[in-house]
Amino acid sequence: MQFEPIFEKTERPIVIAGPCSAESEDQVLSTAKALAEQNIDLYRAGIWKPRTRPNSFEGVGVVGLKWLRRVKEETGLKVTTEVAKAAHVYETLKYGIDVLWIGARTTVSPFAVQEIADALEGTDTPVLIKNPINPDLKLWMGAIERIYKAGISKVGVIHRGFSAIDDKTYRNTPMWQIAIELMQAFPGLTFICDNSHICGRRDILQPVAQTAMDLNFHGLMTEVHPDPDNAWSDAKQQITPPVFSELIDSLVLREASSKDQEFLHKIEDLRSQIDLIDNEMLDLMGKRMKIADDIGMYKKINNISILQPSRWSEILATASAKGSALGLSEEFVAQILKAIHQESINHQEEVMSRAELEK
Ligand code: PEP
Ligand code: MN
């Protein structure tokens with residue numbers, strides 16, 4: 001696939017900002033004017049809102065497209081809104097919406113994405129595709145492929161985090177590794193980080209935006225509202241235009257690579273140290289799982305179940321204390337241990353069922 005950039009400018013960050021939802025003509029226009037002064041690259045406002053439960057504000061609908069058209073006329077800004085079905089696409093095309101975005105709840109549905117792709121066929125409207133709500137890289141790739149196959153080459157993606165059951169920090173857990181894998185698989189895509197939907201709160205928008213810049217994302221999508229506390233949707237995560245301006249100014253942009261020989265040697269040296277450690281960790285895991293196999297066999301002989309909850313909580317508590325002394329977060333330690341524990345259970349099950357078959 002040969003993607004083309006959505007934005008002409010090459011310096012980072014590309015800035016997409018605007019309210020979660022268009023609420024009134026005045027709110028849409030006044031926010032746009034404030035953001036136009038900050039020279040943002042694209043103005044966002046949702047007019048069809050995919051809400052988790054009914055009976056909450058579901059967007060102003062088509063009338064919002066007129067407001068966005070006025071934004072274009074009066075500020076010169078380009079505008080974008082979310083589309084979730086073919087009818088949305090046709091309406092946005094009528095009103096000259098510059099860029100469309102596909103929301104996280106739509107990316108999960110190949111039928112919906114295909115319907116949007118079919119409606120776009122024959123146009124060259126740029127499309128930004130949010131990650132699906134579940135961490136499934138292939139589903140995200142599939143949506144990109146469907147849009148590209150409809151003849152759209154200006155395609156971008158938005159990392160807006162993934163649904164999590166027990167994340168106390170983020171509304172949607174950022175899974176940077178998935179975004180990085182996508183960057184590597186599909187070079188040429190425009191990469192945007194939606195820090196608002198990742199965070200779900202204002203106080204950590206800046207560090208998440210900074211992380212995105214450090215990982216070479218091209219830009220940000222951030223929700224900006226003139227009166228965030230009284231916003232009709234996503235009130236907790238929106239910020240005012242002046243606060244947004246501070247956020248953008250605070251970002252430190254580092255070069256993606258350097259030509260400085262000394263720097264390159266040093267980095268190479270540090271990377272090879274990391275590679276060594278990663279290798280050792282894998283060797284250790286291999287050894288650990290062999291022991292799990294022995295345990296499985298031993299439990300089988302003695303007719304004892306695989307899972308012993310008391311032992312598991314003991315391991316978790318000890319490791320969490322040790323991890324925190326080493327500067328590792330509780331969440332990270334728990335994640336690693338859970339993954340190791342699951343693999344261990346799989347090994348034990350495998351050993352037990354094999355023993356059963358051989359009886
Ligand atoms: C939005 O951008 O307002 C939105 C609904 O986002 P998401 O699809 O990421 O939930
Ligand atoms: Mn929102």
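1. Thr92 sits in helix α3. Helices here are DSSP runs of H or I with at least four residues, strands are runs of E with at least two, and both are numbered from the N terminus. Thr92 is buried, at 1% relative accessible area. Buried means under 20% relative accessible area, exposed over 50%, and partly exposed in between, with a 1.4 Å probe and protein chains only. Neighbours within four places in sequence aside, Thr92 touches Trp48, Leu65, Thr81, Val83, Ile97 and Leu100. Contact means heavy atoms within 4.5 Å.

2. Basis of the values. This is a predicted model, in which local features need pLDDT of at least 70 and side-chain atom pairs count only at pLDDT 80 or more, while totals for chains, interfaces and linings use all residues. Residues are numbered from 1 along each chain as its sequence is written, chains are lettered from A and ligands numbered from 1 in written order, and side-chain values use heavy atoms, with hydrogens and water left out.

3. Overall build. The protein has 13 helices and 8 strands. Its C-alpha atoms fill a box of roughly 75 × 50 × 40 Å along the principal axes. Of the 359 residues, 45% are buried. Among contacts with a separation of 6 or more, 73% join residues 24 or more positions apart.

4. Helix α5 spans residues 110–120, and its buried residues are Ala112, Val113, Ile116, Ala117, Ala119 and Leu120. They lie on the same side of α5, because their arc around the axis is only 165°. That arc is taken from the directions from the helix axis to the C-beta atoms. The packing partners of these buried residues are β3 (79–83), α3 (86–94), β4 (99–102), α4 (104–107), β5 (127–130) and α6 (137–149). Just after α5, Gly122 has a positive phi of about 90°.

5. Cys20 is in the loop between β1 (14–18) and α1 (25–37), and Asp234 in the loop between β8 (219–223) and α10 (241–250), so the pair ties together parts 214 residues apart in sequence. Cys20 is buried at 2% relative accessibility. Asp234 is buried too, at 17%.

6. Polar side-chain atoms approach ligand oxygens at 2.7 Å for Arg44 and 2.6 Å for Arg160. For Glu223, a side-chain N or O atom is 3.2 Å from an oxygen atom of ligand 1.

7. How many disulfides does the whole structure hold? The search finds 0. A disulfide is a pair of cysteine sulfur atoms within 2.5 Å. Cys193 is buried, at 0% relative accessibility. Its closest cysteine sulfur, in Cys199, is 7.7 Å away, too far for a bond.

Notes: Polar contact = N/O pair within 3.5 Å; in protein donor to acceptor, adjacent residues only side chain to side chain.
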